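This briefing goes with the structure shown below. It covers the ligand site, selected residues and the backbone.

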Amino acid sequence: MKKHNFSAGPAILPASVLEEAARGVLNINDSGLSILEISHRSKDFIAIAAQAEQLVRELLNLSDDYAVMFLSGGASTQFFMAPMNLLNEDETACYVNTGSWADKAAKEAKNFGKIETLASSKEQNYTFIPRGWEVPAYAKYLHLTSNNTIYGTQFHWWPDTEVPIVCDMSSDMFSRTIPVEKFGLIYAGAQKNMGPAGTTLVIVRKDLLGKVKRTLPSMLNYTTHIDNDSMYNTPPVYAIYVSMLTMKWIKEQGGLTAIEAHNQAKGDLFYHELDANPLFHGTVTVKEDRSLMNPTFLAINEEVDKAFDAAAKAAGIDGIRGHRSVGGFRASMYNAMPLEGVQVLVDVMKDIAQKMG
Ligand SMILES: *Cc1c(COP(=O)(O)O)cnc(C)c1O
């Protein structure tokens with residue numbers, strides 16, 4: 001039975017992408033070779049990489065002021081690579097602590113410059129997005145985590161500032177339209193919403209580079225990768241290929257405006273049930289901050305928790321347990337999750353309420 005994959009990551013991919021990706025493993029572009037065994041310098045792969053970059057540019061309406069890279073090392077590598085490339089020892093960057101990924105990003109950045117935490121919801125177990133903070137004009141950049149995968153919160157607004165935003169969009173990349181001109185750098189590990197594990201998309205405004213005094217190892221210097229079209233070393237060929245197929249799928253769905261409407265519809269369907277159902281409650285305390293990608297929720301008691309877990313499994317729902325630091329459940333609903341999948345989940349919740357409520 002085909003499962004409904006609510007995993008937080010590595011996560012669901014569109015069925016048509018998986019089929020094409022499987023064909024590519026056997027025979028890419030009728031070349032008689034597998035995507036896994038061709039050179040990254042071959043014309044087949046160079047065309048794939050160029051198409052991947054072109055799709056990023058098209059989906060985000062990106063100008064030539066920005067460079068696009070496909071790197072490895074995960075989003076976690078960007079926690080230190082971004083400050084290394086953007087921040088001098090005597091300069092300040094500002095961070096907002098909205099979750100453990102944001103916390104880790106700030107921790108790494110402290111090795112490269114002065115870090116100010118403008119706001120934090122850590123003491124409240126990250127149950128909301130802090131408001132009422134301002135970005136000082138002397139900041140080189142403001143770091144945000146747009147969607148907090150573990151805690152189920154998401155920025156649905158952007159701060160009013162001229163300071164360039166450096167944003168970890170790992171878990172909501174390409175899930176909605178964004179005002180790209182506000183961002184100096186965007187990074188996203190592919191495995192949440194863009195493709196399989198193994199590559200990280202990095203988009204950077206080029207004028208921010210070349211300003212740090214420290215010596216950068218070639219592999220950790222964005223300029224190296226930009227100058228070499230992300231092929232300074234062997235890139236993660238397969239991860240880039242499948243990410244390209246996923247972006248092509250997003251474009252075919254109508255691009256980010258259509259994807260955003262679809263994600264909103266799924267969120268509305270789920271949260272409507274969560275708010276109406278007496279046996280469950282959300283973990284996020286401020287409704288406006290709830291994530292459309294990773295809704296987190298708890299059952300009112302252990303009996304309901306167990307019954308729901310069993311009923312969900314029986315309905316083919318997979319990957320719905322919450323992160324160990326939050327407990328309960330997390331129904332990740334990335335781009336490729338169809339509305340019908342969310343309906344199956346909602347029906348299980350309704351059914352439990354009828355039986356036990
Ligand atoms: C998963 C995740 C990360 C870590 O990504 P890796 O690619 O495993 O390093 C960082 N930030 C956010 C928001 C995430 O969801």
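**K192 and its surroundings**

K192 touches A8, G9, A11, T149, S170, S171 and Y334, leaving aside residues up to four places away in sequence; contact here means heavy atoms within 4.5 Å. The model is predicted: local features need pLDDT of at least 70, side-chain atom pairs count only at pLDDT 80 or more, and totals for chains, interfaces and linings use all residues. Residues are numbered from 1 along each chain as its sequence is written, and side-chain values use heavy atoms, with hydrogens and water left out.

- K192 sits in the loop between strand 9 (183–189) and strand 10 (200–205); helices (H or I, at least four residues) and strands (E, at least two) are DSSP runs, numbered from the N terminus.
- K192 counts as buried because its relative accessibility is 12%; buried means under 20% relative accessible area, exposed over 50%, and partly exposed in between, with a 1.4 Å probe and protein chains only.
- UniProt, in an unreviewed entry, lists K192 for "modified residue: N6-(pyridoxal phosphate)lysine". UniProt positions are given in the numbering used here, feature names are shortened, and annotations may be inferred rather than shown by experiment.

**The ligand site**

- The ligand is surrounded by 13 residues, and the closest are S76, T149, D168, Q191 and K192; a residue is near a molecule if one of its heavy atoms lies within 4 Å of it.
- This shell divides into three nonpolar, eight polar and two charged residues. Ala, Val, Leu, Ile, Met, Phe, Trp, Tyr, Cys and Pro count as nonpolar, Asp, Glu, Lys and Arg as charged, and the others, Gly among them, as polar.
- Helix 3 (residues 74–86) gives the most to the shell, with four residues.
- S76 has its place in helix 3, and S76 counts as partly exposed because its relative accessible area is 40%.
- A polar side-chain atom of S76 lies 2.6 Å from an oxygen atom of the ligand.
- For K192, a polar side-chain atom also lies 2.6 Å from a ligand oxygen atom.
- A polar backbone atom of A75 is 3.0 Å from an oxygen atom of the ligand.
- Taken alone the ligand exposes 390 Å², of which the protein buries 87%; accessible areas come from the Shrake-Rupley method with a 1.4 Å probe.

**Positions in the binding-site record**

- The UniProt annotation "binding site", from an unreviewed entry, covers A75, S76, W101, T149, D168, Q191, N233 and T234.
- These positions span 160 residues in sequence, and the farthest two C-alpha atoms are 30.5 Å apart, so they do not all gather at one spot.
- N233 is in the loop between helix 5 (222–227) and helix 6 (237–252).
- With a relative accessible area of 29%, N233 is partly exposed.
- Not counting residues up to four places away in sequence, N233 touches H40, M219 and H225.

**Backbone features**

- Most residues other than glycine have a negative phi, and most peptide bonds are trans.
- G9 and P10 are joined by a cis peptide bond, with omega about -15°.
- P10 is found in the loop between strand 1 (4–5) and helix 1 (15–26).
- N29 is not a glycine, yet its phi is positive, near 50°.
- N29 lies in the loop between helix 1 and helix 2 (43–60), and N29 is exposed, with a relative accessible area of 52%.
- N125, also not a glycine, has a positive phi of about 50°.
- N125 lies in the loop between strand 4 (114–120) and strand 5 (142–145).

Terms used. A polar contact is a pair of N or O atoms within 3.5 Å; within protein, one must be able to donate a hydrogen and the other to accept it, and residues adjacent in sequence count only if both atoms are side-chain atoms.
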